[in-house]
Amino acid sequence: MNAQPRRVENIATDRGVIPQYATGVVEQPWSSYTREDHAVWATLFERQRALLPGRACPAFLEAQRMLGFAADAIPRFDTLSRGLRRATGWTLVGVEGLLPEAVFFEHLASRRFPVTWWIRRADQLDYIAEPDLFHDLFGHVPLLMNPVFADYMQAYGRGGLRAQRQFGAEALLNLTRLYWYTVEFGLIREAQGLRIYGAGIVSSKGESVYALDSPAPNRIGFDLERVMRTRYRIDSYQKTYFVINGFDELFAATQQDFAPIYPRLAGTESIPAGAVLECDRVLHRGTREGWPEGADA
Ligand code: PHE
Ligand code: CO
């Protein structure tokens, strides 16, 4: 048996049963990881590390090296936190799983990154519906070593708290889309070509190839309000990837006050995940091959 998360309860909703986790910070129970847990880490780690040179952006690859990520064992949050704190002032905190938005924003605003302490089972290597330790650590933590990206993440947390207090559900949806299309599924244009920086891509074997190589999805230049209006799919690879020219550009675009943006967006239609608009800077127009009918919804 591998170490399992503590579920507080299962809540029935209109989207099915959703597990609800304790929202407090937990100590990483490092000595309770089984051989199977460490073996899952090693397998996923080696698989992605073989795939990512030439695909992940240099800042990501360089940060994994600096943090001393290795295949042999699940990293200790404490050790990683020491390196992060020295570089950019971020600290990792262990959590049971996905947090309520308010709690998540609080952590980010205080430069704390919540990491799920448990790792997926060996029969979930290719797909797991919720974030686990591999996704959070391997995917998200490296870029927290980058000073600009580190500041962006904190600004996002602060912006989330503010949106929650002053704006409401629709503003939060706009912010969630921004997070989705940057932090989770962002692409970046480097001197050598397109590269991945999104954690949801770098932690997925299938999508780290698909996002760059498949002709099917759109690749469109990042535009803040365009992204904030775009719906997304959680049950398939992305229909559209948004491409930034650098973390400076992303940070600069989000420095402006969103207060006038939220009400403006509230008056517009949301955009289907696979749509291409007149105003888009299209780097690649997706062929949509292999998409089921209506897949761009
Ligand atoms: N500038 C945003 C605001 O005024 C905050 C924010 C920064 C949101 C970075 C997302 C990312 O609310
Ligand atoms: Co994530």
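Visitor: At what angle do helix α6 and helix α11 pack, and how far apart are their axes?

Guide: Axes are lines fitted to C-alpha atoms, for helices over the stretch in contact, and angles run from 0 to 180 degrees between N-to-C directions. Helices (H or I, at least four residues) and strands (E, at least two) are DSSP runs, numbered from the N terminus. In this predicted model, local features need pLDDT of at least 70, side-chain atom pairs count only at pLDDT 80 or more, and totals for chains, interfaces and linings use all residues. Residues are numbered from 1 along each chain as its sequence is written, chains are lettered from A and ligands numbered from 1 in the order in which they are written, and side-chain values use heavy atoms, with hydrogens and water left out. Here α6 (residues 147-166) and α11 (residues 247-255) pack at about 25 degrees, with axes 9 Å apart. The two helices are therefore roughly parallel (angles under 35 degrees).

Visitor: Which residues make the contact?

Guide: Contact means heavy atoms within 4.5 Å. V148, F149, D151, Y152 and A155 of α6 meet F247, D248, L250, F251 and T254 of α11.

Visitor: Which protein atoms are donors of the cobalt ion (ligand 2)?

Guide: Donors are N, O and S atoms within 2.8 Å of the metal (3.2 Å for Na, K and Ca); water is not among the atoms, so sites may look incomplete. For this ion, the protein donors are H135 (NE2), H140 (NE2) and E184 (OE), at 2.0 to 2.1 Å. Their sequence spacing is H-x4-H-x43-E. H135 belongs to helix α5 (residues 133-140) and E184 to helix α7 (residues 169-184), so this pair ties together parts 49 residues apart in sequence.

Visitor: In which sense do strands β5 and β6 pair?

Guide: Two strands pair if DSSP finds at least two bridges between them. β5 (residues 187-190) and β6 (residues 193-196) pair in the antiparallel sense over four bridges, and a hairpin of two residues joins β5 to β6.

Conventions. Angles under 35 degrees count as roughly parallel, over 145 as roughly antiparallel, 65 to 115 as roughly perpendicular and the rest as oblique.
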